[in-house]
Amino acid sequence: MSIQLGGHPMQVFQSSGARLLRRSLLTTTTSFAPACSRSASFFRPLEWVKEKLGPGVKEAQTTEQVQVAKELAKQEGTANLFDDIAEAKIKPVSRGKEGGSEDVVRKSKGISKPKPNFHKYSTANFKISHRKLNMLGKQISGKPIDYAILQMQFSEKRASTRIMNMLATARDHATRYKKLSEGKLVVAEAWVTKGPRLPARMEARGRGHYGTRTHPNSKLSVVLKEGKTIEQEKAAARKRKLKKIVSAALVREDKPIRNPSPTWGW
């Protein structure tokens with residue numbers, strides 16, 4: 001270290017005692033560690049993060065330890081509310097009758113959902129008049145699902161292809177999700193619903209006049225149920241026709257005369 005005084009340089013040397021003091025201070029500062037282990041160390045932050053936040057193997061508690069912890073929490077008043085609800089037992093309900101009382105125990109696991117007996121499906125709203133779509137709905141209403149799909153397959157209407165695809169999808173969903181018999185499915189109900197009304201468009205006319213043009217939307221909904229098959233319908237129709245046949249006056253029958261003549265027959 002050099003110092004200039006009055007233009008003449010002068011060399012100043014440090015003493016050996018000052019050098020030793022400086023070395024001791026450096027060694028003590030480098031080996032200093034914080035007293036609190038919870039706070040992150042200024043000299044080793046990565047080790048603290050790895051120790052506190054790093055993944056580790058968690059020991060599984062036994063059932064006895066869990067029960068002891070729950071009892072201590074109950075004594076301290078910090079127990080979990082859901083544990084109390086789960087441990088609560090369902091009391092039997094007594095129903096009074098004339099002959100005596102009967103204890104009925106309600107079991108939640110014993111309750112089973114009823115089997116669905118119908119399936120509802122519909123198309124999306126598309127550009128068609130509800131009057132035109134209603135004619136297709138009348139054509140398939142009350143028909144077996146296979147017969148309704150066949151009618152839409154050979155129909156000349158533009159919306160028949162969309163209706164055919166909708167019926168095929170509804171049949172697949174009814175058999176797959178509702179577990180209904182495919183051979184007995186019938187289009188029990190079919191109705192048309194108007195869709196949202198779009199803003200009217202302006203149509204230019206002659207002599208400064210104009211008109212409005214609207215594009216209606218509608219959709220078709222169906223309900224599939226299990227009913228009689230085509231063979232059963234034919235058998236029932238044949239039975240009704242045979243029931244109307246009577247003998248040719250050979251046996252006395254108590255049945256009304258059909259198509260009676262307005263005058264005497266002799």
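The crossing of helices α6 and α7 is left-handed in this predicted model, a left-handed crossing being one in which the near helix is turned anticlockwise from the far one by less than a right angle, and a right-handed one being clockwise. Helices (H or I, at least four residues) and strands (E, at least two) are DSSP runs, numbered from the N terminus. The axes of α6 (residues 145-153) and α7 come within 8 Å and cross at roughly 160 degrees; axes are lines fitted to C-alpha atoms, for helices over the stretch in contact, and angles run from 0 to 180 degrees between N-to-C directions. α6 is therefore roughly antiparallel to α7 (under 35 degrees counts as roughly parallel, over 145 as roughly antiparallel, 65 to 115 as roughly perpendicular and the rest as oblique). On the α6 side the contact (heavy atoms within 4.5 Å) is made by Ile-145, Asp-146, Ala-148, Ile-149, Met-152 and Gln-153, and on the α7 side by Ser-160, Ile-163, Met-164, Leu-167, Ala-168 and Arg-171. These residues divide into eight nonpolar, two polar and two charged.

Residues are numbered from 1 along each chain as its sequence is written. Local features in this predicted model need pLDDT of at least 70, and side-chain atom pairs count only at pLDDT 80 or more, while totals for chains, interfaces and linings use all residues.

Helix α5 (residues 130-140) also packs with α7 (residues 160-176), at an angle of about 45 degrees and with the axes 11 Å apart. The two helices are therefore oblique to each other, and α5 passes α7 in a right-handed crossing. Leu-133, Leu-136 and Ile-140 of α5 meet Ser-160, Ile-163 and Leu-167 of α7. Five of the residues in this contact are nonpolar, one is polar and none is charged.

Ser-160 lies in α7 and counts as buried, at 2% relative accessibility (buried means under 20% relative accessible area, exposed over 50%, partly exposed in between, with a 1.4 Å probe and protein chains only). Not counting residues up to four places away in sequence, Ser-160 touches Leu-136, Met-152 and Ser-155.

Lys-179, in the loop between α7 and β7 (185-194), is exposed, with a relative accessible area of 57%. Leaving aside neighbours within four places in sequence, Lys-179 is in contact with Lys-115 and Ala-174.

The chain averages a pLDDT (the predictor's confidence in each residue, from 0 to 100) of 78, and 67% of the residues score at least 70. Over residues 7-14 the pLDDT is below 50, and over residues 96-105 pLDDT stays under 50. Where pLDDT is low, the predicted coordinates should not be read in detail.

Conventions:
Heavy atoms only, no water. Nonpolar A, V, L, I, M, F, W, Y, C, P; charged D, E, K, R; others polar.
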